[in-house]
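Work through the exercises below with the structure open. Try each task before reading its solution.

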Amino acid sequence: MANKGILIVAVSQRASLPPATFELVTAGRRLADTLKEPLAAVVLSEKAAALAEDLAACGVDKVYAVEHPSLANFIGPVHAQAAAAVALKEGFGKVLLVSNVAGRALAGQLAVRLKAGLAADVCEILPDGKVLRPYFSGNLIASVEFKSPVAVMALAPMSFPRAEAGAAKGTVVPVAFDPGSPKIQFVSYQPEAANEIDLGGAERIVSGGRGLQSEEGFKPLRALAQLLGAAVGASRAAVDSGWIAYRSQVGLTGRSVRPKLYIAVGISGQIQHLAGMSSSGTIVAINTDKDCPLMQMASIAVVADYNEFIPLVIDEVKKRKGSTAVAA
Amino acid sequence: MGMNIVVCVKSTPSSVNVPVDAATGQPKTAGTPTAINPYDEFAVEEAVRLKERIPGSTATVLTLGPDGAADVLREAIARGCDGGVHVSGPEFDGGDSYSTSLALCAALKKLHAEKPLSLVLFGKNTNDGCSGVVGAETAAWLDWPEVSSVKKIEAVDESSVTVHRAMEDGTDVLKLSLPACLATVKEINEPRLPSLKGKMAAKKAVFPKWAAADLGLTAAQVGASGAAAKIVKAAGQPPRPAGLTVAGASAAEKAKKLVDILFERKLI
């Protein structure tokens with residue numbers, strides 16, 4: 001029997017689905033329509049039944065809800081066992097995941113169980129079934145062809161629009177699951193400081209580099225980020241100087257991001273940094289050095305000292321937001 | 001009691017700024033200097049730290065790659081590993097994460113049969129292939145527990161390891177039974193430089209070289225023949241449209257203009 005159908009593997013994180021999961025629905029729907037195949041999803045969660053309704057509401061034809069306490073926190077082999085059981089039973093041909101920490105590890109586990117080719121960080125799915133993904137640390141784009149009957153693709157967050165509720169509602173099917181005795185036990189979870197927006201799913205990012213000169217330098221950036229609803233990022237130089245945590249690092253040894261708006265402040269734009277953010281929509285560079293690589297590649301470049309400039313930008317945005325509020 | 005630790009490393013181009021060969025559509029890497037994949041340095045350091053922490057332990061470095069890849073085994077020994085194994089042969093050329101992880105699994109099983117392994121460490125990803133899934137795939141072949149994005153190894157005993165996993169929204173603490181596979185991130189440590197003693201040991205080191213047949217695999221299972229995905233073409237990043245510079249007599253004027261543009265384009 002030929003493998004057929006598209007399966008979205010949705011992993012809940014802290015009892016909710018990461019927003020990028022809904023990007024999988026958009027990508028999956030496009031694939032399903034092109035191939036004239038059904039679109040299904042499997043939700044792995046301690047609250048799968050409820051979360052499955054959200055995906056069904058976005059037009060996923062059939063949503064398998066694997067609800068079990070062992071799926072509350074991501075445990076690679078346990079989640080893989082649950083997802084593989086559904087994928088193998090129904091013989092799906094394409095498996096979509098979010099390319100985040102959990103999704104990438106799960107993709108690897110599933111590829112072996114499904115005897116499938118794997119492409120991670122996929123940013124585009126071509127009509128002929130090939131996919132595009134970063135190669136050589138983002139300096140190149142590779143076109144990947146699958147040779148196996150099953151293809152596993154982990155999609156880079158922010159590469160597809162998020163699906164919204166309103167399409168023809170699909171059905172939810174509960175699936176029983178017995179994890180056996182897992183070789184990994186979840187011990188605890190320590191959340192990041194509250195109200196911090198995650199870089200991966202951020203539509204806007206304000207990022208700082210060596211030019212900020214100190215930890216203090218991130219203060220105006222954080223204020224601007226808060227005003228814009230943006231995540232705060234950093235270059236390796238700023239992280240290595242100890243001004244901000246490693247989790248905020250954008251670039252080769254940090255995170256790859258593709259927000260609609262990337263504001264780089266005091267970042268010269270070493271190739272390692274560009275590798276992590278050059279797929280952003282609009283890039284604004286603010287720097288005193290007009291010739292540095294980031295100013296050269298930016299969509300909008302401003303020669304300015306951030307210390308003076310960022311507070312002025314904050315004032316301008318506040319003025320505008322104030323007037324919009326009045327107008328509304 | 002000591003543990004036997006294996007760290008998997010790859011020899012990759014030291015610069016990822018490589019051109020694409022117009023004829024083949026593949027990156028032109030011939031003649032490019034190679035080095036230990038930068039992300040693997042953290043895994044090597046962690047293996048050596050664990051070895052130092054638990055008396056009687058060994059750290060073995062494992063690589064799959066052409067003849068020249070033996071250099072990264074020497075590099076890891078210079079940084080404190082005890083010995084290395086080189087999986088090599090023309091049959092491994094053109095592998096993807098699927099066939100590469102199968103070969104690594106076979107090599108690890110062979111090592112495990114010689115002396116039982118406790119931990120296998122990987123880097124976050126390679127700077128050339130960038131898939132970041134070989135650790136998870138190798139663990140799946142082995143059917144050993146695996147955790148990726150490990151930023152700290154908290155406790156190790158004879159039967160388990162407790163690790164901290166860097167997630168997008170915080171830190172998970174997980175306990176794995178041994179043997180286990182861990183893929184590390186940069187945050188885990190600061191790699192040391194090779195020592196003089198290490199460099200001497202590296203110079204003298206001799207590595208067993210294992211072909212597919214030595215691992216109980218056929219040529220059809222590894223390399224390009226065993227691959228489930230293939231990179232048919234590589235291309236440079238599409239050029240970004242030309243940008244504009246915000247001009248103005250004062251910083252205030254530039255700020256106003258910038259915010260105007262961002263509002264006009266509905267970016268904020």
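A:K260 is partly exposed, with a relative accessible area of 48%; partly exposed lies between buried (under 20% relative accessible area) and exposed (over 50%), using a 1.4 Å probe and protein chains only. This is a predicted model: local features need pLDDT of at least 70, side-chain atom pairs count only at pLDDT 80 or more, and totals for chains, interfaces and linings use all residues. Residues are numbered from 1 along each chain as its sequence is written, chains are lettered from A in the order in which they are written, and side-chain values use heavy atoms, without hydrogens and water.

**Exercise 1.** Is the salt bridge between B:R165 and B:D172 made by buried or exposed residues?

*Solution.* 
- The closest N and O atoms are 2.9 Å apart.
- B:R165 has a relative accessible area of 2%, so this residue is buried.
- B:D172 is at 0%, and therefore buried.

**Exercise 2.** Which residues have the most contacts inside the largest nonpolar core?

*Solution.* 
- A nonpolar core is a set of buried Ala, Val, Leu, Ile, Met, Phe, Trp, Tyr and Cys residues joined through side-chain atoms within 4.5 Å.
- The largest has 76 residues, and A:V9 and A:L44 have the most contacts inside it.
- Leaving out residues up to four places away in sequence, A:V9 touches residues including A:L24, A:V42, A:L44 and A:L110. Contact means heavy atoms within 4.5 Å.
- A second, separate core of 39 residues includes A:W243 and B:V259.

**Exercise 3.** Which residues link up with A:E316 in a network of salt bridges?

*Solution.* 
- From chain A, take A:K319 and A:R320.
- Over all chains, the structure holds 30 salt bridges.

Methods: A salt bridge is a side-chain nitrogen of Lys or Arg within 4 Å of a carboxyl oxygen of Asp or Glu.
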